[in-house]
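The points take up the contact between the chains and then the pocket.

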Amino acid sequence: MTTDKVVVGTLAGAFGVMGEVRLKSFCADPAAIADYVPLTTDKGLTFHQIILTGQTTNGFTARVDGISTKEQADALKGVELFAERSLLPSLPDDEFYHADLIGLPVHDTGGVFLGTVKAVMNHGAGDLLEVHGGTLPASILLPFTRAVVPTVDLAAGRIVADPPPGLF
Amino acid sequence: MARSVWKGPFVDAYVLKKAEASREGGRSEVIKIWSRRSTILPQFVGLTFGVYNGKKHIPVNVTEDMIGQKFGEYSPTRTYYGHAADKKAKRK
């Protein structure tokens, strides 16, 4: 399901007393969070500039425009940062953003609704789509290959899967 | 201490039987196994195993660079979802 905004990180509180913040990044390349500005929050704030100043446990230290004191930084602790989906670079064929796949309905080749994509995971043996809901008693994991998932139509918002025997 | 070379790699016998039967059948099915301790052998390349993680079978499509590893390494027993952010998935 293509959404307008994706969560790319969160503010984790103040760093020092000079208005710097601790920043947790959820990006594949953590430092890329600074490239997706402007970042918005669900409180209606917009940050146009993020300068990463260093690293800390589980994240970065950063200077963010609009946050100049420790009190301001502490007040925003735990706030999620959203980037515009349109700012993410376009991908070649057969590569998809997790954010685009999650929530898409999955049908089998006969048109029967199987469920929706709950998560995309990779344990070292290729990407897997976790499908749940629909007619399934429990969630199933579909290998994200051309053979098992022949059609991914983001425009129409649907995935067609051909689950191999033994998967259920 | 590493396993002695003269013993050869360990594989549960039923895994070998199931893999052989699947290869002879020529069907692309998921071979359900519970043996996480078995070593991945060259004859498993191209097959898809469903490796049990204590709750469900995780599909593992065996490729050449997995040879010598154990099946359990590709079937984690704990789940962490995290955030999608800008992460990508590639269809192979």
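1. In this predicted model, chain B places 25 residues in contact with 45 residues of chain A. The area buried between chain B and chain A is about 3000 Å², and carbon and sulfur atoms account for 59% of that area. On the side of chain B, the residues that lose the most area to chain A are B:Asp86, B:Ala89 and B:Arg91, which together make up 26% of what that side buries.

2. Polar links also cross the interface. Between chain B and chain A there are 15 residue pairs in polar contact, both residues being at pLDDT 80 or more. Two salt bridges are found across the interface of chain B and chain A. A salt bridge joins the side chains of A:Asp94 and B:Arg91, at 2.6 Å from N to O.

3. Three strands of chain B, E1 (30–33), E3 (57–61) and E4 (88–90), each supply at least two residues of the side that touches chain A. E3(B) gives the most, with four residues. By class, this side of chain B has eleven nonpolar, three polar and eleven charged residues.

4. The largest pocket has a volume of about 370 Å³. Its lining consists of 17 residues, and those nearest the pocket centre are A:Val120, B:Tyr80, B:Tyr81, B:Gly82 and B:His83. Strand E10 (residues 113–122) of chain A provides the largest share of the lining, five residues. By class, the lining of the largest pocket comprises eight nonpolar, six polar and three charged residues.

Notes. Residues numbered from 1 in each chain as written. Chains lettered and ligands numbered in written order. Predicted model: local features only at pLDDT ≥ 70, side-chain atom pairs only at ≥ 80, totals over all residues. Heavy atoms only, no water. 1 Å grid on protein atoms, 1.4 Å probe; cavity = no way out; pocket = protein on both sides within 12 Å on 5 of 7 lines; lining within 4 Å. Points joined across faces, edges and corners; volume = space filled by probe spheres on them. Nonpolar A, V, L, I, M, F, W, Y, C, P; charged D, E, K, R; others polar. Contact = heavy atoms within 4.5 Å. Buried area = accessible area lost by both parts, 1.4 Å probe. Salt bridge = Lys/Arg side-chain N within 4 Å of Asp/Glu carboxyl O. Polar contact = N/O pair within 3.5 Å; in protein donor to acceptor, adjacent residues only side chain to side chain.
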